[in-house]
Amino acid sequence: MKDQPNIAVIGAGVIGMTVAKLFQDQLRNANITVIAEKYSADTTSDVAAGIFKPGTHFKGSTKEITKKWLTDSWHFWQDILKSPDAEQMGVMPLGSYIFSKENYHVTRNHLIEGLVPIYRPATKEELKMAPEGTKFGSYFSTLKVECERYLPWTGKTLVERGAKMIRGKVESFASLSNYDLVFNCAGLGAKYLCNDYDLVPIRGQIIKVNAPWVKHALYGDYDTYIIPGLNGMVTLGGVRGFDSYNLNYSKYDAADILERCCEFLPDLKNAEVIAHKVGLRPHRMPVRVEPELIDGLKVVHCYGHGGNGVMTAPGTAIDAVEIGLNFLRSNVRNKL
Ligand SMILES: Cc1cc2nc3c(=O)[nH]c(=O)nc-3n(C[C@H](O)[C@H](O)[C@H](O)COP(=O)(O)OP(=O)(O)OC[C@H]3O[C@@H](n4cnc5c(N)ncnc54)[C@H](O)[C@@H]3O)c2cc1C
């Protein structure tokens, strides 16, 4: 392996920035270049509420890998929470309720019930916090990561330690043949770079409102959620449009979201609206974290995190970095 290998990371969303940071932590003398069309505040990662509550469908290539990614991610964020930099990095603890009028199963989450410190049924008193007719509920302790803070913080640290950030579109892996190793963290952009038809957009839309009096995250039926963040900013959602590429704001979706959220907290209708945001979740089953030799170029893919990319970025990045380090040290020149 060269003394100062040249590493390219495609993508400056939560996956690319976390991979770049963890790789730099492991190999401080590497020349790292992040290449991305969009940076914070314009990535999908910036749209996310960033709560640690994986969809129960989230998966890696095996059950063990899925569990490892979630466990490693949880501990990564917990370590930050214990540090004085947590708020500056956008990481905060958060209590959360899931309520349902109809379906007990949506209040359970097998992926985190043994991981987070508290996951319990809601009490009768707590069920009264939900709209009339709510029969089922759970409470769990979790955390949230605001990419508007986490991405700039990570970018600053990377640059201070010598990494470069370039704005531009990578049209093909062939254009990166001068690098020793490439991490492909292009999110939905990987669909075109890799001709990956398993990667599908799931459209989301949210409203950011100023409502500092909201203290807990609340989930309801039909993808309804209210997630408080730092500085009194609350995220209201949501919608899921499978295979939709529509990045335009829809006033109908916004009205529907507000109506559903106001069923929980009627005072939200008077909250100041700060922004409406739309993003396309890069959904793939399983999430792709694996090496590939493309015309002699060593590439490690890390994409397809769907609606779970903020919370699971560290776990998948730890694996991607380890795969990358082994790949870099190997003499493989032929197809894997
Ligand atoms: C409404 C909504 C709510 C969400 N809520 C949560 C949540 O609560 N918790 C959670 O964990 N996740 C949540 N998510 C999911 C999360 O946002 C994604 O999983 C995550 O952002 C994916 O990160 P990424 O880095 O792969 O993609 P992105 O953030 O999209 O970044 C991709 C990067 O690659 C670059 N790129 C792409 N193609 C190219 C190319 N050819 N050349 C150069 N650069 C390229 C882009 O410019 C960008 O910099 C939510 C998503 C949405 C839309």
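We begin with the largest cavity, whose lining is made of H57, F58, K59, H283, R284, M285, V287, G304, H305, G306 and N308. Keep in mind as you look around that this is a predicted model. The largest cavity holds about 40 Å³ of space, and the structure has one cavity of 30 Å³ or more. The largest share, four residues, comes from β13.

Next comes an open space, the second largest pocket. Its lining has 16 residues, and K63, T66, K67, H110 and L111 are the ones that lie nearest the centre of this pocket.

Now let us turn to single residues. UniProt, in an unreviewed entry, places the feature "binding site" at T44, S45 and V170. Where do we find S45? Look in the loop between β2 (31–36) and α2 (63–81). Is S45 buried or exposed? S45 counts as buried because its relative accessible area is 11%, which is under the 20% cut-off. Leaving out residues up to four places away in sequence, S45 touches G13, V14, C147, L151 and V310.

V170 sits in another stretch of the chain, the loop between β6 (164–167) and β7 (181–184). With a relative accessibility of 11%, V170 is buried too. Beyond its neighbours within four places in sequence, V170 is in contact with I10, I35, S175, L176 and L193.

Our last stop is K144, which belongs to strand β5 (residues 136–145). Why does K144 count as buried? The reason is that its relative accessibility is 1%, and buried means under 20%. The side chain of K144 makes a polar contact of 3.4 Å with the side chain of E146. If we set aside residues up to four places away in sequence, K144 also touches A49, G50, I51, G90, V91, M92, L94, I227, P228, G229 and T235.

How values were computed
Residues are numbered from 1 along each chain as its sequence is written. This is a predicted model: local features need pLDDT of at least 70, side-chain atom pairs count only at pLDDT 80 or more; totals for chains, interfaces and linings use all residues. Side-chain values use heavy atoms; hydrogens and water are left out. Helices (H or I, at least four residues) and strands (E, at least two) are DSSP runs, numbered from the N terminus. Buried means under 20% relative accessible area, exposed over 50%, partly exposed in between (1.4 Å probe, protein chains only). A polar contact is a pair of N or O atoms within 3.5 Å; within protein, one must be able to donate a hydrogen and the other to accept it, and residues adjacent in sequence count only if both atoms are side-chain atoms. Contact means heavy atoms within 4.5 Å. UniProt positions are given in the numbering used here, feature names are shortened, and annotations may be inferred rather than shown by experiment. On a 1 Å grid over the protein atoms alone, a cavity is a set of points where a 1.4 Å probe fits but cannot get out, and a pocket is an open set with protein on both sides within 12 Å along at least five of seven lines; lining residues have an atom within 4 Å of a point. Grid points are joined across faces, edges and corners, and a volume is the space filled by probe spheres set on the points.
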